[in-house]
Amino acid sequence: MSLLLAGLTIPSALLGPAFAAGQNCEITRDGARSYAVCRFDPATDDVRLYLNDATGKPYGSFRALKSALESEGKRLAFAMNGGMYHEDFSPVGLYVEDGRTLKSANTNKGPGNFHMLPNGIFWIGGGKAGVLETQAYLRRKPPADFATQSGPMLLIDGKRHPRFLKDSDSAKKRNGVCVTKKGEIVFAVSEGPVTFWEFSGFFKDRIGCDNALFLDGSISSLYAPELRRADGFFPLGPIIAVTAK
């Protein structure tokens, strides 16, 4: 569903000044695995989704998004790939930006991780955020200003996705998102290959979320100045980003 090209090393100058250590992002270990974890408050942090620039062309990379934001007097503080997409960069599932539904929810069965039902939706709106299984999202209709659909769900009401196997040997670099009971958004990307069982367990046991969503694997990319990290995997489809003036 997503397209991966070779990773590019981005010069440190493109990162801009680093934040104070541990302000939003940190490296967290879970047994033999480690994860980059970034936390934000939707009530005070400007968390949004980005897909196309002012000309209608997909940003395709953190570099392009950062440049566009700087032209508007904004600073890119954090970014992560935000859901699966087709070769033309269009989202595979639901995509809402600035309150406009640009792509309807995809409830079809099919191959691949996205269609490993149940999949889910990460949404932001009204100073709040959430992760819901797709059918639950469609029933509840939360006040989403931004939303992106991906799959599979990692956790559903505190339980792992029913198709995850504890003894699976399918390990890849993966990234995902959850929202804690206190309303904090937590993004995580593995520092190396992990299985779905391990990744969902990290959100469940270490982060303490009941619902968590897998965003993608292999292409998992992170822009986090605090960690001196600006991944160069691209092209990217939807991008979740946090900005500051």
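Two strands are taken to pair if DSSP finds at least two bridges between them, a criterion that β3 and β17 meet in this predicted model, where five bridges join the two strands in an antiparallel arrangement.

Figure 1. Strand β17 covers residues 239-244, and five of its six residues are buried, so the strand is largely enclosed by the rest of the structure. The five bridges between β3 and β17 run in the antiparallel sense, and within this pairing Tyr50 stands opposite Ile239 of β17. Strand β4, made up of residues 75-81, also pairs with β17 in the antiparallel sense, here over six bridges, with Ala79 placed opposite Ala241 of β17. The segment that comes after β17 contains Lys245, which counts as exposed because its relative accessibility is 91%. The C-alpha atom of Lys245 is separated by 44 Å from that of Asp169, a residue 76 positions away along the chain.

**Figure 2. The lining of the largest pocket.** The largest pocket holds about 250 Å³ of space. Its lining consists of 16 residues, of which Tyr50, Asn52, Tyr59, Glu72 and Glu97 are the closest to the pocket centre. By residue class, the lining of the largest pocket divides into eight nonpolar, two polar and six charged residues. Tyr50, listed among the residues closest to the centre of the pocket, is also the residue that stands opposite Ile239 in β17.

Figure 3. Strand β7 is mostly covered, six of its six residues being buried. In a regular strand the side chains alternate between the two faces of the sheet. In β7 both faces are covered, with Gly120, Phe122 and Ile124 buried on one side and Ile121, Trp123 and Gly125 buried on the other. Strand β8 (residues 128-133) pairs with β7 in the antiparallel sense over six bridges, and Ile124 stands opposite Ala129 of β8. The two strands form a hairpin with two residues between them, and Gly126 in the turn has a positive phi of about 60°. Strand β9 (residues 146-150) likewise pairs with β7 in the antiparallel sense, over five bridges, and here Gly120 stands opposite Ser150 of β9.

**Figure 4. The ring pair of Phe122 and Phe187.** The structure holds 13 aromatic pairs. In the pair shown, the ring centres of Phe122 and Phe187 lie 6.0 Å apart and the ring planes meet at 80°, so the pair is edge-to-face, the cut-off for that class being an angle over 60 degrees. Because Phe122 belongs to strand β7 (residues 120-125) and Phe187 to strand β13 (residues 185-190), the pair ties together parts that are 65 residues apart in sequence. Phe122 is buried, with a relative accessible area of 0%, and Phe187 also counts as buried, at 0% relative accessibility.

**Figure 5. An aromatic cluster and two arginine residues placed over rings.** Ring pairs link Tyr35, Phe199, Phe202 and Phe203 into a cluster. Arg160 lies over the face of Trp197, at 3.9 Å from the ring centre, and Arg174 lies over the face of Phe196, at 4.0 Å from the ring centre.

**Figure 6. The open sheet of seven strands.** The sheet has the strand order β1-β2-β13-β12-β14-β10-β11, with antiparallel pairing. Its edge strands are β1 (25-30) and β11 (159-160), each of which pairs on one side only. Strand β12 (residues 174-179) and strand β14 (residues 212-217) pair in the antiparallel sense over five bridges, and in this pairing Asn175 has Asp216 of β14 as its bridge partner. Strand β13, placed between β2 and β12 in the order of the sheet, is the strand in which Phe187 lies.

Conventions. Residues numbered from 1 in each chain as written. Predicted model: local features only at pLDDT ≥ 70, side-chain atom pairs only at ≥ 80, totals over all residues. Heavy atoms only, no water. Phe/Tyr/Trp six-rings, centres within 6.5 Å; stacked < 30°, edge-to-face > 60°. Helix = DSSP H or I, 4+ residues; strand = E, 2+ residues; numbered from the N terminus. Buried < 20%, exposed > 50% of the residue type's maximum accessible area, 1.4 Å probe, protein only. Lys NZ or Arg CZ within 6 Å of the ring centre and 35° of its normal. 1 Å grid on protein atoms, 1.4 Å probe; cavity = no way out; pocket = protein on both sides within 12 Å on 5 of 7 lines; lining within 4 Å. Points joined across faces, edges and corners; volume = space filled by probe spheres on them. Nonpolar A, V, L, I, M, F, W, Y, C, P; charged D, E, K, R; others polar.
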